[in-house]
Amino acid sequence: MGDNRFTRPARHSYNTKSNRIKAVRTPGGKLSAGKIAKKTSGPKCSDCKMSLQGIKHMKKSAYHKSKKRERRVSRVYGGSCCAKCVKTRIVRAFLLEEQKAVKKVLAERTAGKK
């Protein structure tokens, strides 16, 4: 039976958030320390600040190295806004245009009566 003890790889010996380790068994049967990477919060919607679906939670440097299809969703405002916020933007823009058209029609009617 092998030894179940291992030492931390770096000089900093405290188990802080940035210094987490996990016991890893090497092919030779020796137990060594493997560093655990911190989980990131991932990209957020620019409007409602909710986490974006369909995009992996990676570090900034990892996004730079990844493919474009992994960084965004194939939609308008793909990697920056969620679908709900995009929908409200489109509806708002449509209603503003409709309101302008209605004002124009009402102005023409009042001008026609005079």
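A residue is called buried when its relative accessible area is under 20%, exposed when that area is over 50%, and partly exposed in between (1.4 Å probe, protein chains only). By this scale, aspartate 47 is partly exposed, because its relative accessibility is 39%.

The structure discussed here is a predicted model, in which local features need pLDDT of at least 70 and side-chain atom pairs count only at pLDDT 80 or more, while totals for chains, interfaces and linings use all residues. Residues are numbered from 1 along each chain as its sequence is written, and side-chain values use heavy atoms, with hydrogens and water left out.

**Overall form**

The protein has three helices and two strands; here helices (H or I, at least four residues) and strands (E, at least two) are DSSP runs, numbered from the N terminus. Along the sequence these elements follow the pattern β-β-α-α-α. The protein is more spread out than a compact globule, because its radius of gyration is 28 Å, well over the 13 Å that the globule rule gives for 114 residues. That radius is taken over C-alpha atoms, and the globule rule is 2.2 Å times the number of residues to the power 0.38. Along the principal axes, the C-alpha atoms fill a box of roughly 100 × 25 × 25 Å. Buried residues account for 14% of the 114 residues. The accessible surface comes to about 10,000 Å², and 58% of it belongs to carbon and sulfur atoms; such areas come from the Shrake-Rupley method with a 1.4 Å probe, and for residues only the protein chains shown count as cover.

**The hairpin and the segment before it**

Strands β1 and β2 run antiparallel and are joined by five bridges; two strands pair if DSSP finds at least two bridges between them. Arginine 25 has leucine 31 in β2 as its bridge partner. The two strands form a hairpin with five residues between them, and glycine 29 in the turn has a positive phi of about 90°.

Asparagine 19 lies in the segment before β1 (21-25). Asparagine 19 counts as buried because its relative accessible area is 12%. A polar atom of the asparagine 19 side chain lies 2.9 Å from the backbone oxygen of histidine 12. Contact means heavy atoms within 4.5 Å. Apart from neighbours within four places in sequence, asparagine 19 is in contact with Arg8, His12, Ser13, Tyr14 and Lys35.

**Salt bridges**

The whole structure holds two salt bridges, each being a side-chain nitrogen of Lys or Arg within 4 Å of a carboxyl oxygen of Asp or Glu.

| Aspartate 47 | Arginine 89 | 3.1 Å |

Arginine 89 is partly exposed, at 28% relative accessible area. Glutamate 97 and lysine 100, by contrast, both lie in helix α3, three residues apart, about one turn of the helix. Glutamate 97 is partly exposed, with 48% relative accessible area, whereas lysine 100 counts as exposed at 53%.

**A residue of helix α1**

Serine 61 is found in helix α1 and is partly exposed, with a relative accessible area of 48%. The C-alpha atoms of serine 61 and tyrosine 77 are separated by 21 Å, and the two residues are 16 residues apart along the chain.

How values were computed: A polar contact is a pair of N or O atoms within 3.5 Å; within protein, one must be able to donate a hydrogen and the other to accept it, and residues adjacent in sequence count only if both atoms are side-chain atoms.
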